[in-house]
Amino acid sequence: MISPAYIGEQFRAVLAMLRDEDWRSSLDTTEEGVFRSFWAVPLCLVLVAVSSELAQNLLRSAQDLDLPDLPLVYGLVLQSVIFLSIWSLTLFLLVGFARQIGATGQVAPLIVSYNWSALLLNLINFGFLALASLTQAVEMLVIFSLGLQAFWFVLRWRLIRASLDSEVGPTLGVVIIIFLATFLVSLTIADLGVWLHGSLSGE
């Protein structure tokens, strides 16, 4: 099992990687640590479910937006499928990149830092959406979304560079590939989910 203190220590290691500081003393890259990092997945799913509902409620408050009216459970399942698809694809591409550059021996810190960084990003997203829901700051969603995407890009860049000691060019290339691939996958699954619901409900 994991504790809040353990998660906090892994967050500090991820942020140390971001700042190009010493992270090896705090990031748990043991075999047990690798398996422990996958606890981030169910924790992320909880945050994705709550954040998705908060975002939908905020967007519905904007009168000029026409959003698909999906049942709550169906929408949460769809968001979970999107998250799991993105998470799996990103991990697959990262491990493939490590093999491509001959850094398979450094995959453990890459996997661990990726998993815990995903939880960190989802916590930040949830925190903002909770605050935006209290203040009804719908107009801030776009600005925050762009800022979070920029942070995602820089964080992934630093995690890969720190974990694999990879060159600038290949690292930039794989980060761009991951960004585009996950965007297209999420968009495709979302569209298919809305289409499937419409077909089943006869709309």
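The side chains of D20 and R158 meet in a salt bridge, with N and O 3.2 Å apart, where a salt bridge is defined as a side-chain nitrogen of Lys or Arg within 4 Å of a carboxyl oxygen of Asp or Glu. This pair links distant parts of the chain, 138 residues apart, since D20 sits in the loop between helix 1 (4–18) and helix 2 (31–37), whereas R158 belongs to helix 6 (residues 140–164); helices here are DSSP runs of H or I with at least four residues, numbered from the N terminus. D20 counts as exposed at 59% relative accessibility, while R158 is buried, with a relative accessible area of 15%, the terms being set so that buried means under 20% relative accessible area, exposed over 50%, and partly exposed in between, with a 1.4 Å probe and protein chains only.

The model is a predicted one, in which local features need pLDDT of at least 70 and side-chain atom pairs count only at pLDDT 80 or more, whereas totals for chains, interfaces and linings use all residues. Residues are numbered from 1 along each chain as its sequence is written, and side-chain values use heavy atoms, with hydrogens and water left out.

## The other salt bridges

A search of the whole structure finds three salt bridges. One of them joins E21 to R19, the closest N and O atoms being 3.2 Å apart; E21 is partly exposed at 42% relative accessibility, and R19 is also partly exposed, at 48%.

Another is formed by the side chains of R36 and E32, at 3.3 Å from N to O. Because R36 and E32 are four residues apart in helix 2, about one helical turn separates them. In general, an α-helix has 3.6 residues a turn, so residues three or four places apart point the same way. R36 itself is partly exposed, with a relative accessible area of 23%.

How far apart are the end C-alpha atoms of helix 1? They are 21 Å apart, which agrees with the 21 Å that its 15 residues should span at 1.5 Å a residue, the expected span being 1.5 Å times one less than the number of residues. The buried residues of helix 1 are Y6, I7, G8, Q10, F11, A13, V14, A16 and M17, and what covers them includes helix 2, helix 3 (40–60), helix 5 and helix 6. Just after helix 1, D20 takes a positive phi of about 60 degrees.

Helix 5 (residues 107–135) has 29 residues that should span 42 Å, and its end C-alpha atoms are 42 Å apart, in agreement. Q136 follows helix 5 and has a positive phi, near 55 degrees.

T171 lies in helix 7 (residues 168–201) and is buried, with a relative accessible area of 0%. Leaving aside neighbours within four places in sequence, T171 is in contact, meaning heavy atoms within 4.5 Å, with F97, W157, I160, R161 and S166. The side chains of T171 and S166 are also joined by a polar contact of 2.5 Å, a term for a pair of N or O atoms within 3.5 Å, where within protein one must be able to donate a hydrogen and the other to accept it, and where residues adjacent in sequence count only if both atoms are side-chain atoms.

Key
Helix = DSSP H or I, 4+ residues; strand = E, 2+ residues; numbered from the N terminus.
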